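We will go from stop to stop, with a short note at each.

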Amino acid sequence: MFNRLISFLRKKILLVIFIGFIFGIVVSIYSYKIIEATSTPESCEMCHVHPQATDSWKLSVHYNTRVGIHIKCTDCHLPPKGEGYLKEKIKASARDFYGYVFKDSADFNWEAKSSLEQAQHHVFKASCVKCHANLFPLTLNEKGQDAHLYYTQHEEELRCINCHLNAGHYDPNALHAKNVEFGNAGVQNQEKYNEPAKVESLSNFTESIPGTTVSFEMKAIPGGSFKIGSPETEQMRETDEGPQKTININPFFMAEVEVTWDSYMAFYTATAAEGRSTDTEGSRKNLDVDAISGPTPPYGQPDQNWGLGQRPAITMSYHSAETYCLWLSKVTGKTYRLPTEAEWEYAARGGTETPYFFVGNPNDFKEKGFLGSLFGKSSDLINQYIIFEENSNLKTGTPDEVEANPFGLKNMLGNAAEYCSDWYSEDTYKNLNDGATNPTGPISGEEHVIRGGSFKSGVGQVRSAARDHTQSVAWLKTDPQIPKSIWWLSDCNYISFRVVCEFDEKTGKK
Amino acid sequence: MTRRQVKNSNFDKIELNHNTNIMSENNFSRRKFLGGAAAIGAAGTLGFGPLTSCSSGGSQGGGNFDWQPREYNFPPLLDQVPDGPVLKAGVIGCGGRGSGAAVNFLEAGGATVTISALGDVFQDKIDSCREKIKTERDVDVPVENCFVGFDAFEKVIDSGVDIVILATPPKFRPEHFQAAVRAQKHVFMEKPIAVDPTGIRQVLAAAKMADSQGLKVVTGTQRRHQHKYISVYKELANNAIGKISTAEVYWNQNQLWYRDNNPDWSEMEWMIRDWVNWCWLSGDHIVEQHVHNIDVANWFFGKHPVKALGFGSRQRRKTGDQYDNFATRFELDDGRQILSMCRQINGCDNAVNEIFHGTKGKSFTDQGGTAVITDLDGNQLFAFEDHDTSPYVQEHKDLITCIRQNIPFNEAEATANSVMTAIMGRVSAYTGKDVTWDEMMNSDMKLGPQTYIMGSVGYIAEAKVPVPGSDE
């Protein structure tokens, strides 16, 4: 029977091949049709319930193109065909199906998903380049020419969406230009301070900036000695946090909160000037305090459209932060500056020696599985004090969202990372002597210390002892200007600073 | 792979000893062959571009020969340009070189090309250029197509030409090149094509725009169109001297010309008439002249240096604010070095040439004499005499050929990189400091007055010859 079938097929080999051929063609046509049918915006929207994304897409230049082409979801959110299209499509649909069944799309943080950091995981550069093969069309203006040349020279490190983030989804608040209006919508009709605060002893005071409506709290930090760094047994410890040394710190004042946009804008308004072209590094000496020149207008939105007010000012360069302190010293008649790393950690600990200034270890607050959330410690405690990746929605918060540490300071840990005046070195503490007073770190270096972690940090990086440093090159990667800005960082949205005021003869020291 | 086989060139006959090797079964198994477009593309490259594919690694004699499979776009090098509709060129900058380039162009294209417009800032230069073209090539440039002024370049570009010849002092080149590209004109432009990093970036961007428009660009680095140099390049690519370890490049000659000031001239007029002595106009002679030899090094190494340390001084120059001698060590990213010297002083011994030292021998090239390749013991392996066609004419033949046959050809980026190399050397000599490529690429240096007016611009009063170092 079987043999007869075989021999029949042998005789009709041409027919078999023909049928197979037709079958193959039909299968190909239909699988192509299925792939196409499941790649239309409508089919995407079946599972992707995000009306705001659909709306913003319809407002974008990629929907209403000059040449009359419709750019669909999959044109940007999947790689080009032949370059991993099917693989990514299967991956994406599996993930999306899971999300559709088990999650509520209203819970997703859509705003964070459209930030550059997350967008790079679902927008494919190859897809941009597939259509935009010519980066130098005749219609390109000279600024675009400079920017695209810069891109071609740094193709490995840059993505199209570094600059063209809103090309696919319109964002009414996005600004792709020099922001000369920045800070102009200031507070009107409020009483301005005439005098700075008078300080006669080492106690908390409210500083007021003359000529502005801005004031902020300064906390008196008593002198004392403490152990800097963390013990080797501390969870999530990094090697640059040791060996621990006992050091002394003289009394000083420290701002209750990270410098707010209100304060920073007072500085910006008072010192900024449009149109200077000589702001290259080294052209101005820090000692020229009589004529402090402040930041030039930023490019785009330094506040990331999260709002100004009491939120920490962010994205300023170290040079800007230093200049702010010089200016603040001048207008208040006191000595304001950035904290040293030792002062910072002393203030952050507030007398504690544990990973945080409250009870608990990093592992207690880690994102937990199902069992962990049943039996582990609650995260409520850390949420009371720290704005970090688990609770921040990937943006900074205002000071009223958290409670203070034992010294009365808020957001020392988390929220925005803070500049310290020390140069960063991995073995700072190795070279530190026990019993040293007010150490200031290595004599020279390339990057400055930053401390406290940020709204993007995990539980390990928001410990009191955790250390980090600036990244001069990476933080300016996409700044297309030559030379790059010395005032604003194009690629770091989590850095801020906090001022300290010296306890000296100007503040009541006898 | 855009290289063309050229019928009347005798270099195609060079023995290609690794060709068979590369195409053997081992390297191209069936599986690999089916492995995708990349492998097929590679086969194409290796098969059709033997001269550019010497990827033999250490297997050849002479140790670690490392000439990577390079894509080098050789010019067509035809003796006779292909026929076609008449190409009209406009000359922007009608001084000595502009007039010379115009005549070279007419000689290269014969009856199939013409010069139809002239532009300069000085009427007398236009007159003398027009006359030279008339007497030497019997071509009449219509008077109404002769434009004078700083904006003459726009008028020449808009006069209906197909090609522009850019030969003003190099300071103006980036702006002119960009305007020409945006107007979709093919370009012949004299080196150097910029004097400062700002200009270099403008040229680099415009070069990419030219590519996107299919425009052809030749840049006056005529050694790249000289049969003798190309022969040596091909020999070195075929492992004649092993791995190149060091290059020496020199342009030491007599004092160049200069113009004394004239009471009838404004400040700007004097500087432009005396332009080879003013840094903002010429880039100094390491850029203006020595870039030729530096370009040969970049060409043969297949990359540009990343660092320079040099010195120089001003001993006998009569006018302007430039040096008259430089000595520079350039470093490649792999640590290999280019030693460079240039001098423009009378009464010294001169040398204008390039020497490449390899693990198996060395090559010697200069524009006038015989090119020679020797082994380590000094025995001559190859010698190349010059070809009949002048390279100054050949480069125009190549431009015309590429336009007529639509062969992709654009030298702007390579020349911009060589000019940037020279600028890096100049800045190092002026400052006495190590200067890196990245510093240059990110520099906002822009030389010269902000605006161009034929009058007093306050430049000379401020101009200083740089003195590096300190007394402390």
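How many salt bridges does the rule find across the interface of chain B and chain A? It finds zero. A salt bridge here is a side-chain nitrogen of Lys or Arg within 4 Å of a carboxyl oxygen of Asp or Glu.

A word on ground rules. This is a predicted model: local features need pLDDT of at least 70, side-chain atom pairs count only at pLDDT 80 or more, and totals for chains, interfaces and linings use all residues. Residues are numbered from 1 along each chain as its sequence is written, chains are lettered from A in the order written, and side-chain values use heavy atoms, without hydrogens and water.

**Stop 1: the interface.** Select both sides of the contact (heavy atoms within 4.5 Å). Chain B gives 17 residues and chain A gives 14 residues. Now pick B:Arg182, B:Lys208 and B:Met209. In chain B, these three lose the most area to chain A, together 33% of what that side buries. Buried area is the accessible area (1.4 Å probe) that two parts lose on being put together, summed over both.

**Stop 2: two helices.** Helices are DSSP runs of H or I, at least four residues; strands are runs of E, at least two. Select H7 (173–182) and H8 (197–212) of chain B: each gives two or more residues to the side that touches chain A. H8(B) gives the largest share, eight residues.

**Stop 3: a sheet.** Move to chain A. Finish at A:Trp423, which stands opposite A:His448 in S8(A).

Methods:
Two strands pair if DSSP finds at least two bridges between them.
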